[in-house]
Amino acid sequence: MESDIRIVDAHSHLWLRQDAVVNGLRVRQLENGRADFLGEERQMLPPFMIDGRNSAEVFLSNMDYAQVSAAVVTQEFIDGNQNEYLHEVARRYPSRFFVFGMCDYLRPGFLHEAEGLIECGFKGMAIPAHRLPLEGKEKVSLNSPEMIEMFRMMEKHGIILSITLAPGDRQVGEMEDVVNECPGLKIAIGHFGMVTCDGWLEQIRLARYPNVMIESGGITWLFNSEFYPFKGAVEAIREAADEVGIDKLMWGSDYPRTITAITYRMSYDFILKSDVLTYEEKKAFLGGNAARFYGFKNLVKLPYIKNMSE
């Protein structure tokens, strides 16, 4: 029956060059998949990606091998602005990718920037809200006048919001203000509410609103200390499904960062192999919900290719 499941990755990243400054600290690619990450050398990509390019073509090869029909590409400040490249990705592979634009939310005037991206054809806007200043005079509030105006514009034009929140409930109240102000704005909350942090269910409960979904991008990273087969992650998915319904939850990988530790297929097959979810729940979580939410049609059916080791 697993062959009937069309898998959609609801949280991934792409870039041709990683170059950014976050809170005054640099993020830049090095050789052999490594990066200078906020003052520390980290393995950002698998070591065979020696040129630092995290391209759509390499991702498609991974997707085809792992039988993932389509993917949602969001953005993060640590990768630098990828609007130009993602616009090209969407043009070249419209049936395989849904891409998000991103603005410079740290400076006033991002509303005009968002308007330009929507005019260019972006159907979604990403906000890595967990990296916004959360206090002091530099604080950026999700319910500020300019943010609310942008969300109203997005709601009017049917633009989807992808957002990752700070751990716990620090930004949940602001998000509730946004949802109440823009009840027709489609929202996907990432990183499964930062599930391994206290207060994660407060983020999950936002999915009680009709227009809000939760995606699990990074869940294998969050449960990395437990490692495969990530039993704690499956239990958390079960708990969230009991809280808001499996129809409000979507699988996401956080590709490519998570595949430095595991293969791309492993980032979802621990769910397939678990007996905690029913077949219908797996089918919804791994692709059905995301296909409906993002509007993917006629998802490609990919064959299973045997490994040389089999």
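My entries follow, one topic at a time.

**Entry 1: the core**

I am working from a predicted model. I started with the nonpolar packing. The largest nonpolar core has 97 residues. I listed those with the most contacts inside it: Phe-97, Tyr-105, Ile-127, Met-150, Phe-151 and Phe-192. I then looked up which element gives the most to this core, and it is helix α8, residues 231-244, with seven residues. There is also a second, separate core, made of 17 residues. Its members include Ala-10, Met-250, Ala-291 and Tyr-294.

I picked Met-150 and left aside its neighbours within four places in sequence. What remains in contact with Met-150 is Tyr-105, Phe-110, Leu-111, Ala-114 and Ile-127.

Next I took Met-153, which lies in helix α4. Is Met-153 buried or exposed? I noted a relative accessible area of 13% for Met-153, under the 20% cut-off, so it counts as buried. With neighbours within four places set aside, Met-153 is in contact with Leu-111, Ala-114, Glu-115 and Ile-118. I checked one of these pairs along the chain. Met-153 and Glu-115 are 38 residues apart in sequence, while their C-alpha atoms are separated by 8.2 Å.

**Entry 2: helix α2**

I went through α2, residues 83-92, for burial. Asn-83, Tyr-85, Leu-86 and Val-89 are buried there. How do they sit around the helix, seen down the axis of α2? They fall within an arc of 160°, so the buried residues line one face of α2. The face turned away from that buried side carries Glu-84 and Arg-91, both exposed. I also looked up what the buried residues of α2 pack against. The partners are α1 (56-66), β6 (68-73), β7 (97-99), β8 (101-102) and α3 (110-119).

**Entry 3: charges**

Side chains of opposite charge can pair when their charged atoms come close. I looked up how many salt bridges the structure holds, and the count is 19. I noted a few.

- Lys-139 pairs with Glu-174, with the closest N and O atoms 3.1 Å apart. This pair links distant parts of the chain, 35 residues apart. Lys-139 is in the loop between β9 (124-128) and α4 (145-157), and Glu-174 is in helix α5 (residues 172-181). Lys-139 is partly exposed at 36% relative accessible area, whereas Glu-174 is buried at 10%.
- Asp-242 pairs with Arg-238, the closest N and O atoms being 3.2 Å apart. Both lie in helix α8, four residues apart, about one turn of the helix. Asp-242 is exposed, at 57% relative accessibility.
- Arg-28 pairs with Asp-36 at 3.6 Å between the closest N and O atoms. Arg-28 is partly exposed, at 34%.
- Glu-202, Arg-205, Arg-208 and Glu-243 are linked in a network of salt bridges.

I counted two cavities of 30 Å³ or more. The largest cavity has a volume of about 50 Å³. Its lining includes His-11, His-13, Gln-75, Glu-76 and Ser-162. β9 and β10 (160-164) are the elements that give two or more residues to this lining.

Then I turned to the largest pocket, with a volume of about 590 Å³. It is lined by 23 residues, and the closest to its centre are Arg-42, Trp-221, Asp-254, Arg-257 and Thr-258. The elements giving two or more residues to the pocket lining are β5 (40-43) and α7 (219-222).

**Entry 4: backbone**

Most residues other than glycine have a negative phi, and most peptide bonds are trans. I looked for exceptions.

Which peptide bonds did I note as cis? One joins Tyr-228 and Pro-229, with omega about 10°. Pro-229 lies in the loop between α7 and α8. Another runs from Tyr-255 to Pro-256, with omega near 5°. Pro-256 is in the loop between β13 (249-250) and α9 (266-272).

For positive phi I noted Asn-23, at about 55°. Asn-23 is in the loop between β2 (19-22) and β3 (25-29), and is exposed at 67% relative accessible area. Asn-32 also has a positive phi, about 60°. The place of Asn-32 is the loop between β3 and β4 (34-37), and it counts as partly exposed at 30%.

Terms used
Residues numbered from 1 in each chain as written. Predicted model: local features only at pLDDT ≥ 70, side-chain atom pairs only at ≥ 80, totals over all residues. Heavy atoms only, no water. Core = buried A, V, L, I, M, F, W, Y, C linked by side-chain atoms within 4.5 Å. Buried < 20%, exposed > 50% of the residue type's maximum accessible area, 1.4 Å probe, protein only. Contact = heavy atoms within 4.5 Å. Salt bridge = Lys/Arg side-chain N within 4 Å of Asp/Glu carboxyl O. Arc of directions from axis to C-beta. 1 Å grid on protein atoms, 1.4 Å probe; cavity = no way out; pocket = protein on both sides within 12 Å on 5 of 7 lines; lining within 4 Å. Points joined across faces, edges and corners; volume = space filled by probe spheres on them.
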